[in-house]
Amino acid sequence: MTSPNAQCPPSEAPRLARVIATCGTLAASGDDQKAFESHLGELFFNELDLIASFFRYDEDLCRYLPQLPAALQGEGSRFAPPDPAMVAAAPGGRAMEGGRMLLPLGPGNPPKILISLQTTTGGALAAEVISGGALLAEALLAAQAHLTARVELRLARQAAARAESLRQALYDINETAHRAAGAPELYRALHRIVARFINAANFFIALREASGENHFIRFVYYCDEYDAALEGTSVPIDPARPLSMTAYLMKSGRPLLLQPEDYDRFCHDNNVSPIGRRSYSLIGAPFQGEDLAGVVIVQTYHKDRYSEEDRDLLSYVARHIGDALARKKALDEMRETNEIFSLFLRYSPVHVYIKEVGDDGSRLLRASHAYSETLGIADPETLIGKGMGEIFPPDFAARTNADDRQVVDSGRLLQAEEQLDGRTYSTIKFPIHQRGKTLLAGYSIDITERRQILESLRESERRYRILFEKSPLAMVSFDTTGTIVDCNEKFIDMMGSSREKLIGFSSATKSSPEMRRTIATALSGRTTYYEDAYVSVTGGKSSYLRGFFSPVTPGRTPTEVIAILEDITERKRDEEERQKLEKLSSLGVLAGGIAHDFNNILTGIMGNISFVEKLLDDDHHGRQPLREAVEAAKKAGELARRLLTFAKGGEPDRKVLHLGPLLHDAVSLSLGGAKVRAAINLPPDIRAVRADAGQLGQVINNLIINACQAMPDGGVLTISGGNERLAEGNLPGLAAGDYVRLEFSDQGCGIPQEHLAKIFDPYFSTKAGGTGLGLAAAYSIVKRHQGSIEARSRVGQGATFILHLPAEGGSEAPRRDGATAAAGAVAGGRILVMDDDRMIRDLTTAMLRHLGYEVTCCGDGEEAIALYQEAASQGSPFRAVILDLTIPGGMGGKEAAQRLLALDPEAWLIVSSGYSNDPIMADHRAFGFRAAIAKPYTMEEFQAVLALLPPAPAG
């Protein structure tokens, strides 16, 4: 290379020829304009000792931009741009300007590219260079044309490759939408596809979603250097707040390219507030379909810029992504629908099928497993395409084809019941029109068991209706307002009304307060119990009712109610009777104890009085007071006997009695000197009764005395009787059988209704000075005789007492008391007395010794047995043993008698007790006793009993 100050060599022709040849080689060997220009500048600089610079003409700015070789880039400032006029004069050829020659490279006016040749010193160009300029220009133009062709070919190939890549990308998008197993896999595949032709390091897809009136943006896929956590999140679209970049794109519907210099102004002008980190360059492309709208966005955070070509390309691809996502959604929904339908056909217990109906009949297209299993076929696929005649018997197939044809011809639903193989099916068929085909869908349900259940329910309902109507209990049903909607005959009879009056009657508002409360509780859904006196509003019948009111739907309010009622008027009366008996029993225990102790005391009184009387002379003036004292003690004893009527164990000593003599004796005794007259009316055939004469006489006397007190001014007491047979369930509540009925009717003032139920209660009396024990004793005695007593009365119309006593078939003569036969028995011998009361022992000892007996006393049974054994072993046995029946805290007379008889079966035992009505006293022989003496007793009564003793042994 020559010095910068030297002139160009005299001849450059050979070198210029080499340059021209090299230009052709450079143009033929490359396809890059910038590389061509760089190599060409270096070539000129090296071969011609020239500086070659290229100027690109910018039409908008009307200026030249130098492009210097790399070796001279630092010296580029020495080379001023050429004059525009010079450039304008150079089209198609060369132009000179001092020591510079301009050669155009390419067509145009002015040309877009020119090459400037000049020496490094700035001097004039050599003549050979100037003269060879035309050749050089032609060579350069030829090389440029050749290069341009190669560049265009390269660009065309690149465009074709890019188009093929885009076409393949679109194909891959569509295929991926079909093949992807799920949305995440599809989104990842779309990301990879977009990344083939654009910088997609930061890529996300957002979809628009709605929930009611609220709209959201959901980031279904988000691959980002900084904001990866946004994937799967949803951002609400709030019209009152700035839009996100994604929301803006969805709203505008246009693609967007943002460069760093435009980013802030765009956000400010469009009221956009980006989510996440601010990007450097961004492209957003929205897509919109019928059911799907969304955005695809790529962005960079560094110095990389996206171009408009990138924007257009992403916008084009985004539309296909939107289509692919819409197709994916539709395919997923279709697959889900098909899967659901397949599962429905597989597991549905209903026989489901779809048929195509043609002129030759119906053929199956789809069928459920239940349908095929009914036909004995495991796989329903084997039924597809088969006609009805291939599946069913001929007659059933013919009916099925006819029904199918009727459905498709009429276009209306058909519902029918079908019989096949002994089973009953409920079938519904309806037409389906699809792409010109005449299809039919239907389903059948096996209702054989249901029909059987319905028949059973009908039979059950019929039986329930019979039970409802014929029930011995009253049954009534109410609606949700408490109005009677149904009832049986028993309820009508219980109310004393009629069905017409009862049906529609509002019991919840018109009944008694207690009944209204009960019905209200049941209507609230709770089962409730009712028991109370009730007067029918519709019939006026009074009764005592008990029942249950049950809600038809428990826990629900209001609900219908059904009630079951029972008339317990008679049972209530019986309960009152039982309570009365229990009251009498309780009082009897108390009365028995009092009477026992009282009799012991009276025994001491009467015994001592009678004993003293025996000691006085017949004309002694003290005898009369003693007799009066005895009479008073006897009256006290009578009171004690009345008390004993209530005592436990006061069983009557029953014998066959004829009522005629008993009634005449009682009337004669009780009405002597009274103003009341008795009229006895007994039929000749009236039957005898088995009763305790003393107790029954006490009943009759009490009733006669009661009548006399009711008629203080006189009147007639009518006593009538007769035989009566009572059936089961009789009003007195007695066992079925034959009875004697006695009625005592007076003409007195009558008994008020409020007192009528209490007259048999102990100590109840409306008479001044009355004890209240007379009728109570009568009631107790009659009950102990398995009979009944009741009173009927109205104020001012007198009262009637009715007795029922069990009838006896025959009669027997009264048994003679053994005292007469043994009246002459001789006193003397040893007597053993066992009593817990010292006073009784002392009195008995005094009486027996006065009568000529030797007496030994003891306090209980154990001691008595020991004394009896000791006397027998010593050869001086007791002639008799008097045993007290009740020994508190020790062995009593009953057990002592059993043990004494076990020792000596011939022992002569006498029972004594203050419980004069004790069963042992009434039937002492059954317990091993030879005689009985009731406390209180007199010396005469004691002597009469001892007179029964067998004669004492001789010697």
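## Two helices that cross

Helix axes here are lines fitted to C-alpha atoms over the stretch in contact, and the angles between them run from 0 to 180 degrees between N-to-C directions. With that in hand, look at helix H19 (residues 659-670) and helix H20 (residues 693-710): their axes come within 10 Å and cross at roughly 50°. That makes H19 oblique to H20. (Angles under 35 degrees count as roughly parallel, over 145 as roughly antiparallel, 65 to 115 as roughly perpendicular, and the rest as oblique.) The crossing of H19 and H20 is right-handed, a name used if the near helix is turned clockwise from the far one by less than a right angle.

Which residues in H19 and H20 meet? From H19 come Leu659, Leu662, Leu663, Ala666, Val667 and Ser670, and from H20 come Ala693, Leu696, Gly697, Ile700, Asn701 and Ile704. By class, this contact of H19 with H20 has 9 nonpolar, 3 polar and no charged residues. (Ala, Val, Leu, Ile, Met, Phe, Trp, Tyr, Cys and Pro count as nonpolar, Asp, Glu, Lys and Arg as charged, and the others, Gly among them, as polar.)

## The model as a whole

This is a predicted model, in which local features need pLDDT of at least 70 and side-chain atom pairs count only at pLDDT 80 or more, while totals for chains, interfaces and linings use all residues. Residues are numbered from 1 along each chain as its sequence is written, and side-chain values use heavy atoms, with hydrogens and water left out.

The protein has 28 helices and 33 strands; these are DSSP runs numbered from the N terminus, with helices (H or I) of at least four residues and strands (E) of at least two. Of the 955 residues in the protein, 43% are buried. (Buried means under 20% relative accessible area, exposed over 50%, and partly exposed in between, with a 1.4 Å probe and protein chains only.) Among contacts with a separation of 6 or more, 60% join residues 24 or more positions apart, where contact means heavy atoms within 4.5 Å.

Helix H6 (residues 183-194) packs with helix H9 (residues 308-347) at an angle of about 160°, and their axes are 12 Å apart. That makes H6 roughly antiparallel to H9. H6 passes H9 in a right-handed crossing. On the H6 side, the contact is made by Leu186, Tyr187, Leu190 and Val194, and on the H9 side by Leu314, Val317, Ile321, Leu325 and Lys328. Sorted by class, the contact of H6 with H9 has 8 nonpolar, no polar and 1 charged residues.

Is Lys935 buried or exposed? Lys935 is buried, with a relative accessible area of 2%, and lies in the loop between strand S33 (931-934) and helix H28 (939-946). Its side chain makes a polar contact with the side chain of Asp884 (3.5 Å). (A polar contact is a pair of N or O atoms within 3.5 Å; within protein, one must be able to donate a hydrogen and the other to accept it, and residues adjacent in sequence count only if both atoms are side-chain atoms.) Leaving aside neighbours within four places in sequence, Lys935 is in contact with residues including Asn599, Thr603, Asp835 and Ser912.

Ala864 sits in helix H25 (residues 861-873) and is buried, with a relative accessible area of 0%. Beyond its neighbours within four places in sequence, Ala864 is in contact with Leu832, Met834 and Cys858. Leu141, in helix H5 (residues 133-179), is partly exposed at 30% relative accessible area.
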